[in-house]
Amino acid sequence: FWRNRQTTNIFTNSSSTILPQFLLRVEFNDSEKLIIKYDTDVGFPDTSQFSQNYSIVDFNVVTKGNPSMGPMKSHSLSLNYYKLNFFKGLYFDTSLVYLRRAQNIKKNVVLNGIDQSSTFLILYSPENSLAGNFNLSKEISNLKFHFQGEASYDEFFQVFNSEASIFFLTDLSGKIRAETYFEKGPNFEIS
């Protein structure tokens, strides 16, 4: 329950939701773990997004809030795995995170020539994100090798002139590095 008082108007909103959480931690041994976590979250708009009055942002940009907005809701699921073996000189970890925003606050941008006005709204179209990464390190004698990789995929909406458009973004990156650990003589690192 929250109350929003602006000038002569009072807006009263209420929202009830159950926020389940789940955490599973499996330790196969001292050096190998698996963690699975599920979370739900509720976020509330900030004051500028609630304001029913216009705010001048720039000489040709005006913003108006929406006092009847409700909370944002999201779900996340993460998977993390770690393995360490001192005898083999091996370290490995990986993670995968999925995020689904079921309700999200969006800015509706209306363009009129060089003038821009915007209002805030709750968009009930789900947005999804998936991200993963891994790290692998291996020591062989006085050499250490590192392999890293990351990938992400995002689906999100933007609202222009009261029309919602979906956008897709994919990102991939990787890195390989080698370094030496000699007690005598020069050491080097190559990426």
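Predicted model: local features only at pLDDT ≥ 70, side-chain atom pairs only at ≥ 80, totals over all residues.
Colleague: Is Thr 180 buried or exposed?

Modeller: Thr 180 sits in strand S12, which covers residues 163-180. Buried means under 20% relative accessible area. Thr 180 has a relative accessible area of 4%, so Thr 180 is buried.

Colleague: Which backbone nitrogen does the side chain of Thr 180 reach?

Modeller: Leaving aside residues up to four places away in sequence, Thr 180 touches Asn 142, Leu 143, Pro 186, Asn 187 and Phe 188. With one of these, Asn 187, there is a side-chain to side-chain polar contact of 3.1 Å. The backbone nitrogen that the Thr 180 side chain reaches, at 2.9 Å, belongs to Phe 188.

Colleague: How many aromatic pairs are there, and which strands hold Tyr 153 and Phe 168?

Modeller: Ring centres have to lie within 6.5 Å to pair, and the count comes to three aromatic pairs. One of them is Tyr 153 with Phe 168, stacked at 6.4 Å centre to centre and 25° between the planes. The pair ties together parts 15 residues apart in sequence, because Tyr 153 lies in strand S11 and Phe 168 in strand S12.

Colleague: What is the relative accessibility of Phe 167?

Modeller: Phe 167 is in strand S12, eleven residues from Phe 156 in strand S11. Phe 156 is partly exposed at 24%. Phe 167 also counts as partly exposed, and its relative accessibility is 34%.

Technical notes:
Residues numbered from 1 in each chain as written. Heavy atoms only, no water. Helix = DSSP H or I, 4+ residues; strand = E, 2+ residues; numbered from the N terminus. Buried < 20%, exposed > 50% of the residue type's maximum accessible area, 1.4 Å probe, protein only. Contact = heavy atoms within 4.5 Å. Polar contact = N/O pair within 3.5 Å; in protein donor to acceptor, adjacent residues only side chain to side chain. Phe/Tyr/Trp six-rings, centres within 6.5 Å; stacked < 30°, edge-to-face > 60°.
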